[in-house]
Amino acid sequence: MISYFILNIPSAIPWFDFNRINVLITLAVFFCFLLYFIGRAKKGKSLFIRRIAGLDAIEEAVGRATEMGRPILYIPGIEDMDNIQTVASMIILGNVAKMAATYETPLIVPICRPFVVPVAEESVQQGYLAAGKPDAYDKNSVRYISDEQFAYTAGVNGIMLRERPAANLMFGSFFAESLLMAETGFSTGAIQVAGTANIHQLPFFVVACDYTIIGEELYAVSAYLSKEPKLLGTLKGSDLAKLVIMIILVLGAILITANILWFKNWFFVQ
Amino acid sequence: MRREVPLVICFLLGALFIADYFISNPTFDRIAQTINQWAIIVISFAYVLGVANIARINTGVIKRREKDWVFKLVLLFGLLLMVILGIGWGIREGTVFYWVYMNAYYPMQATMFALLAFFIASAAFRAFRIRSWEAGLLAITAIAVMIGRVPVGEAVWKNFPNFTEWIMDAPQMAAKRAIMIGAALGAISTGLKVLTGLERTYLGGD
């Protein structure tokens, strides 16, 4: 009876779709978690974040490129700015550009989508500015290659084979080209750190790269590298949300086994 | 104002599209779709930036006669050729543009894709070196799945394909879903950070 009621609430008010109220409640709860931990971070409470080897390796990769006198290649994926992974990649690029500027290491950023070009240029420029070296910024470091997936891959492979970067950093959304680029980078002897939330490409990165950042860790890079309290707070909020989801999954499995379906049905999105 | 105005625009439009998901009013849907079309039009202007970027960087290399400058010349020639052919005679089937695309670019694309087979073999060779118990488990599971996917698996043991399907449907699916849940939460968190202005790196310098 309860499940029938929940699933059949009529959309009497034309402005709000009550069939999606479960999504709104979930989003609101998640947002509350984020706000709570941001508040704690602002009050100066220290927030523990576990060590992520792949993220520590970014600075190691930049350092290696500096010692060898070779450039860093940063590949932000092949999707446009409407993909959240590309947004996260641009945030990471700013941090990497700041490191590159500090160590005075050349940075090459090949781009697949033209709309990402000005964003990448701003991110790199911002990084150089943050490092106190705005004059060292080279606007030719950001290069638009091609919209076409494999033309872009061929261009990036060409950069790897000609310019021999010592460090390849691949963060963003990747598809079939991931292994092509990672294997080419491996053949040049570069240290490779990759991160994507596209799970179908993770096995290729795990095999071909020295360090792989898996799924959610891609979105944690900004907070991890900058150690800014508000960003760390959002990380803790996400972790609490994951814990709640785990509890819901276990509870849901137990209730379904007992043939109690209303709990599972509440999460059904129409 | 240079940072505040984009932040406000970002927040308002982000909130609009989130609200569009929950509001079923047709007028509101039309507003959201119109703004989406505006975004597509703005993005299309970015192609001008892309072409300008290619032209600037490659003409610089050609002028300075840097290494492999001839290939940059070929690149610019190809770019110009396709633009002229496309604008002059169209891109539909039967045009010169279409012929060049299908007979030059398409085979090159297929060639790049075909390289994957060799790269997968070399990557697998490195991945399946058994140096630890986890690597051993990976190798055994991968071999079991590969055998179960080919007819010889069923010939060896009639339930091999079912066993392979169980590996893909149970432990593999569980791990994949766990990563997907984490990634989805991270994506929502990043989206909220950008919308609320907590994350401003993409805006550029002060």
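Predicted model: local features only at pLDDT ≥ 70, side-chain atom pairs only at ≥ 80, totals over all residues.
Me: What makes V150(B), V152(B), V156(B), W157(B), F163(B) and W166(B) a nonpolar surface patch?
Reply: Together they make a patch of about 600 Å². A patch takes residues with over 30% relative accessible area (Shrake-Rupley method, 1.4 Å probe) and no salt bridge, and nonpolar side chains (Val, Leu, Ile, Met, Phe, Trp, Tyr) are joined within 5 Å. Residues are numbered from 1 along each chain as its sequence is written, chains are lettered from A in the order written, and side-chain values use heavy atoms, without hydrogens and water.

Me: Which helices supply the nonpolar patch?
Reply: α6 (151-156) and α7 (160-169) of chain B each give at least two residues, while W157(B) sits in the loop between them. Helices here are DSSP runs (H or I, at least four residues), numbered from the N terminus.

Me: Why is the pair R126(B) and E183(A) called a salt bridge?
Reply: The rule asks for a side-chain nitrogen of Lys or Arg within 4 Å of a carboxyl oxygen of Asp or Glu. Here the N to O distance is 2.6 Å, so the pair qualifies. The interface of chain B and chain A has one salt bridge.

Me: How do you know that chain B touches chain A?
Reply: Contact means heavy atoms within 4.5 Å, and 59 residues of chain B are in contact with 67 residues of chain A.

Technical notes: Patch = residues over 30% accessible without salt bridge, like charges linked within 9 Å, V, L, I, M, F, W, Y side chains within 5 Å.
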